[in-house]
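These are my notebook entries on a structure that is new to me. I set down what I looked up, entry by entry.

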Amino acid sequence: MPYIQINRKLLLMKIHYFLGIGGYAPFSPFMTTILKQRGYSAFIVGLIFMLQPIPGILIRPLIGVITDKYKCRRSVIILSSIITFVLVCLLSIIPGTISKEEMNDLDVIKSPLFWLFITTIVLINTDGMVKSVIEDTICMDLLGKDKNNYGKQRLWGSIGWSLFAIISGVCIDWYSAGLEYKNYAPGYVIALICFLLDIYVVSKLKIVQETNSNIVASDVKKIFTQGKVVAFLLWVVFIGFFISFIWNFVFWYLEDLSNVYHPEMKSWMKSLQGTALLIQCFGGEVPLFFLSSYILKRVNHMTIFSIVFFMFTCIFSVYTIIENPFWALPVELLNGMTFALSYSAATSYAALITPTGAEGTLQGVVGTAYTGIGAPIGSFVGGYMFKHIGSIDSFRLLGVVAFFTCIIQITVNYLINRLTINEDPKDIYSKVETKDDNLEEDLTLT
């Protein structure tokens, strides 16, 4: 028997994560700098990223409920993949405005081109939220009792994200050589190829839904009356808040550093940013996603959240003391670790407390807390802070806030453990008690 095996049942799931998530890398992480190049202020950019996830607040849990009730996960994920391809096509052909000076916020808001561009971005993000609910739910169903092995599947999304990010960054710099501004056309082409291939992959996915579930709404409501679950969702919101600064404003910050201290780096800034994503994914996300099953069997989910909050404290503090954008690259290791740890813990915890038949519903609620509430609040606050107190002071303040959040989270978690009657929310359902049985550690790529 070979030492390392590939589970063929999950192979298409891995390929889907690789293409479906990797397809966003050629344009999504660069969106802040694309908007900055258009002359939009930090406040406008923060407003955009605040508005962007709002439709998902309703869509994400609603899609989970609908697909649980009508057993239509296959149709929804195929349709959402097609819609993604069409919307990115539209985004790539919207005329781009270039502004050397920062535009007046009111003039930006009055521009029809602005609203066309932003509406397309919002629709892409909303459709992406729909896909993330369905793909994670399908993945958990395929894993069966081995829920903690989710990270070994999701890491392929990080691999795709990092590879396509660095390839796109280099291509954009090459294509823009001699130009005053960056031309992102190569990134859009790479993204469209990925999404086109992904449509074929999701059409071949094996999707099985329970058809004889006795789950009712009251059973789901019982979950949210548990103190641990309420606290869990609150911490997920805070993680989404902090991670939105990393997703949306780090590249803006790197360009600020380049403009002030190292203007000679501007010509290859997209390559540097692509390299940052490569390090973030291969140095942080991929190893932590792979090890997440091992970690989650030995470390409490809430303890992982404490570790993540402490990492945020370190990340934001380090950003305030560097001047050369190049030295931000080692920090990307921690950025990858925070996302991989928090996302694996949140997704697996939701799966463990979910009654059979409501898997999509719970994943939708957790996803809404992460990217539908925490991230938009963080985006708006970040835009306001960057505009009024500057990028360095913003990260300095964030480091303090993250530190106190860590202390509060540890304290609240300790008190809940002391006061709660049930040791674990999953004790509500006897079926869940067997979900962690036979989870022996191995090096199999399940």
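**Basis.** I am working with a predicted model, in which local features need pLDDT of at least 70 and side-chain atom pairs count only at pLDDT 80 or more, while totals for chains, interfaces and linings use all residues. Residues are numbered from 1 along each chain as its sequence is written, and side-chain values use heavy atoms, with hydrogens and water left out.

**Whole chain.** I find 16 helices and zero strands; these are DSSP runs numbered from the N terminus, helices being H or I of at least four residues and strands E of at least two. Of the 446 residues, 57% count as buried, that is, under 20% relative accessible area with a 1.4 Å probe, protein chains only. I then looked up contacts (heavy atoms within 4.5 Å). Among those between residues at least 6 apart in sequence, 87% join residues at least 24 apart.

**Helix H7.** I record 32 residues, 112-143, for H7. From first C-alpha to last, H7 reaches 46 Å, close to the 46 Å expected; the expected span is 1.5 Å times one less than the number of residues. H7 is largely enclosed by the rest of the structure, because 24 of its 32 residues are buried. Gly-144 follows H7 and has a positive phi, near 65°.

**Gly-151.** I locate this residue in helix H8, residues 150-175. Gly-151 counts as buried because its relative accessible area is 0%. Leaving aside neighbours within four places in sequence, Gly-151 is in contact with Phe-289, Phe-290, Ser-292 and Ser-344. I also note that its C-alpha atom is separated by 8.9 Å from that of Leu-341, 190 residues apart along the chain.

**Helix H13.** This helix covers residues 301-319 and reaches 27 Å, close to the 27 Å expected. At its start, a side-chain oxygen of Asn-300 comes to within 2.7 Å of the backbone nitrogen of Met-302.

**Helix H16.** Which residues does Thr-405 touch, not counting those up to four places away in sequence? I find Phe-238, Phe-242 and Phe-309. Thr-405 lies in H16 and counts as buried because its relative accessibility is 6%. Phe-404 is also found in H16, residues 391-419. Phe-404 belongs to a nonpolar surface patch with Val-400, Phe-403, Ile-407 and Ile-408, with about 460 Å² of accessible area together. Accessible areas come from the Shrake-Rupley method with a 1.4 Å probe.

Technical notes:
Buried < 20%, exposed > 50% of the residue type's maximum accessible area, 1.4 Å probe, protein only. Polar contact = N/O pair within 3.5 Å; in protein donor to acceptor, adjacent residues only side chain to side chain. Patch = residues over 30% accessible without salt bridge, like charges linked within 9 Å, V, L, I, M, F, W, Y side chains within 5 Å. Salt bridge = Lys/Arg side-chain N within 4 Å of Asp/Glu carboxyl O.
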